[in-house]
Amino acid sequence: MRHIQRYREIAVAFSRNGFGYVVKELGLDQLFPLPRRLIVKRKQEEYSKSVGIRIRSFLEELGPAFIKIGQMASTRPDLIPADVIKELEQLQDQISPVSWEEIRTILERELAAPLEDIFQDFDKSPIGVASIGQVHKATLKSGETVAVKVQRPSIEKTIHTDLEILHELADRAEDRLKSAAKYQIKDMITEFSKAIKEELDFINEGRNADLMARQFSDDKDLIIPKIYWPYSTKKVLTMEFIEGIKLNDLEALEKNGYATEQLAEKLVQVIFYQIFKDGFFHADPHNGNVLALTGNRIALMDFGMAGRLSPEMKTHLASLIMAMVKQDSHDMIRAIKKMGVVPDKVNLHELRGDMDKFIIKYYDTPLSEVSLGEAITDLFSIANDHEIEIPSDLTLVGKTLLTLEGVVEPLAPKLSIMDAAEPFGKELIKERYHPKKIAEDLFEQFNDYGDVLHDMPEIVQELSTMVRKRKIPIQISVPEADSFFSKLDRVSNRLSFSIVLLAFSLIMVGLIIGSALGRQSSLLWELPAIEIGFVIAMLMFAWLIYSIFRSGRF
């Protein structure tokens with residue numbers, strides 16, 4: 001009830017973009033009155049647009065939280081169709097800049113000082129505007145040029161309200177729609193909500209930048225902007241201002257004499273080093289976040305979206321890539337099973353069949369022509385079809401590689417991402433089987449077993465106590481329960497049929513014998529009892545047979 005007006009706005013947005021049936025299926029039309037024209041189809045021309053375009057329009061209409069959800073959903077090509085992903089990648093913040101007076105108020109409150117005490121100069125016009133914040137160029141008292149990112153006023157409250165509503169809608173969707181449960185809408189919203197909340201805290205973005213700067217502290221050809229922590233808070237981020245040329249501006253790159261192939265190779269090596277070596281990577285390396293600098297150097301920007309891979313996940317990813325190179329379906333299944341949570345009901349025969357289809361798709365295709373990002377995404381889609389849960393950071397790898405390929409292809413058409421990834425994969429596999437690594441793994445397992453042995457007396461004591469109290473919980477799993485109970489129904493129906501027929505026969509025989517022995521004239525002798533009994537028996541028999549056959553369990 002606190003957000004009833006916002007619910008109404010969402011229902012109207014659904015209807016305006018051709019999803020009026022969703023309002024009805026989610027039961028939103030029962031929460032508050034809505035004109036019938038908003039729920040039913042209005043004009044045929046509204047449906048001439050594709051589903052992807054209408055979803056993008058719906059999200060843009062509802063503002064920051066929904067736009068962010070859409071942008072993050074575009075990182076899950078394993079769950080969402082490619083045509084919808086393409087539209088989600090084009091989501092734009094249709095939002096006007098915040099006034100200078102409000103920006104100044106936020107800055108002075110967050111930095112606890114007048115602007116004149118911190119900045120020598122501050123450009124009142126933003127150089128970038130987004131749904132969460134906007135960026136201004138400024139000069140510190142020390143003379144250093146900086147970019148200051150300021151969070152929009154009240155945006156945190158707005159996003160938290162919308163996230164609360166999205167969780168409620170996800171609950172309703174999974175309760176009412178089979179497709180929502182299949183795609184695990186609630187889990188997706190929870191995952192995206194966590195990411196959005198982290199992005200609202202600019203401290204996280206600053207830390208990501210610092211971590212990546214340490215990764216490449218000895219690399220002079222990669223620039224990560226410096227974070228000025230004395231002038232940064234949860235809602236204000238002050239960083240080094242870097243000026244360069246975006247990688248999609250090919251004309252400017254050529255005019256200034258940049259070697260585009262060298263820039264592409266550098267970017268690929270940077271991202272692959274982060275993914276396969278360090279396990280902490282920039283998850284959104286699109287054209288706007290990568291700049292070309294003098295001397296064919298590159299700079300990475302915007303560190304709000306980052307991925308993390310554990311050492312085990314890095315190894316499994318490398319194994320998957322090597323299996324793809326060898327086109328070995330058995331090794332691919334083994335790698336995917338190690339990556340995710342495999343349900344007990346997974347059909348390995350069908351899974352292997354889908355893997356073989358995947359191999360046929362890429363069979364006899366040169367590695368230089370294979371899209372690594374697309375291939376990994378296809379594999380994760382197969383895993384999702386079989387309800388194998390792949391960690392979100394691994395699916396983020398697929399999205400990152402797809403984005404990387406889109407940036408690199410115009411710069412260096414002959415550069416193969418797959419070829420570039422293979423050496424990293426081989427090195428990881430070698431490290432996995434290195435004697436030192438094996439010894440470390442064995443020592444770690446020894447410690448784990450030691451912990452188990454240490455806890456064993458306590459476990460045995462608890463078990464003996466439960467035995468004495470006769471409180472041992474037993475859980476029985478019957479995989480073929482439905483089949484078992486169906487057969488049980490058939491047996492009980494047949495027994496019922498036999499018992500009813502036998503009982504009626506005994507009654508009829510008893511009546512006839514009793515009347516004959518008593519030699520009494522009765523109504524029974526004057527009536528055609530046998531004929532009537534036969535007719536009744538046949539009717540009962542027919543009714544019983546009909547009931548049993550109608551149940552389908554005879």
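Ring pairs link Phe-14, Phe-58 and Phe-66 into a cluster, where rings of Phe, Tyr and Trp (its six-membered ring) are taken to pair if their centres lie within 6.5 Å, with planes under 30 degrees apart counted as stacked, over 60 as edge-to-face and the rest as tilted. The structure is a predicted model, in which local features need pLDDT of at least 70 and side-chain atom pairs count only at pLDDT 80 or more, whereas totals for chains, interfaces and linings use all residues. Residues are numbered from 1 along each chain as its sequence is written, and side-chain values use heavy atoms, with hydrogens and water left out.

A search of the whole structure finds 6 aromatic pairs. Among them, Phe-14 and Phe-58 form a stacked pair, because their ring centres are 4.4 Å apart and their planes stand at 20°. This pair links distant parts of the chain, as Phe-14 belongs to helix 1 (residues 4–16) and Phe-58 to helix 4 (residues 51–62), 44 residues apart; helices (H or I, at least four residues) and strands (E, at least two) are DSSP runs numbered from the N terminus. Phe-14 is buried at 12% relative accessibility, and Phe-58 is likewise buried at 7%, where buried means under 20% relative accessible area, exposed over 50% and partly exposed in between (1.4 Å probe, protein chains only). Phe-272 and Phe-276 provide an edge-to-face pair, with ring centres 5.7 Å apart and planes at 80°. Both of these residues lie in helix 14 (residues 260–278), where a separation of 4 residues corresponds to about one turn of the helix. Phe-272 is buried with a relative accessible area of 0%, and Phe-276 is buried at 1%.

Charged side chains also lie over aromatic rings, the criterion being that NZ of Lys or CZ of Arg is within 6 Å of the ring centre and within 35 degrees of the ring normal. Arg-54 is placed over the face of Phe-19, at 4.9 Å from the ring centre, and Lys-149 over the face of Phe-202, at 5.0 Å from the ring centre.

An open sheet of 4 strands has the order 5-10-9-7 and mixed pairing, two strands being paired if DSSP finds at least two bridges between them. Strand 5 (222–223) and strand 7 (245–246) stand at the edges with a single partner strand each, so one side of each is left without a neighbour in the sheet. Strand 5 runs parallel to strand 10 (residues 297–300), to which 2 bridges join it, and Ile-223 stands opposite Ala-299 in strand 10. Helix 14 packs on this sheet, touching strand 5, strand 9 (290–293) and strand 10, and its direction makes about 45° with that of strand 10; contact means heavy atoms within 4.5 Å, and axes are lines fitted to C-alpha atoms, for helices over the stretch in contact, with angles running from 0 to 180 degrees between N-to-C directions. In the loop between strand 9 and strand 10 lies Asn-296, which has a positive phi of about 55° although it is not a glycine and which is buried at 17% relative accessibility.

Strand 4 (145–151) is largely enclosed by the rest of the structure, because 6 of its 7 residues are buried. Strand 4 pairs with strand 3 (residues 133–140) in the antiparallel sense over 7 bridges, and His-136 stands opposite Val-148 in strand 4. The two strands form a hairpin with 4 residues between them, and Gly-143 in the turn has a positive phi of about 95°. Strand 4 is also joined by 5 bridges to strand 6 (residues 236–240), the two running antiparallel, with Val-146 opposite Glu-240 in strand 6. Ser-154, in the loop between strand 4 and helix 9 (155–176), has a phi near 65°, a positive value in a residue other than glycine, and is exposed with a relative accessible area of 57%.

In helix 16 (residues 329–339) the buried residues are Ser-329, Asp-331, Met-332, Ile-333, Ala-335, Ile-336 and Met-339, and they pack against helix 15 (311–326), helix 17 (348–362), helix 18 (372–385) and helix 19 (392–411). Asp-328 caps the N-terminal end of helix 16, with a side-chain oxygen 3.0 Å from the backbone nitrogen of His-330.

Over the protein chain there are 24 helices and 11 strands, and buried residues make up 42% of the 554 residues.

Note on methods
Polar contact = N/O pair within 3.5 Å; in protein donor to acceptor, adjacent residues only side chain to side chain.
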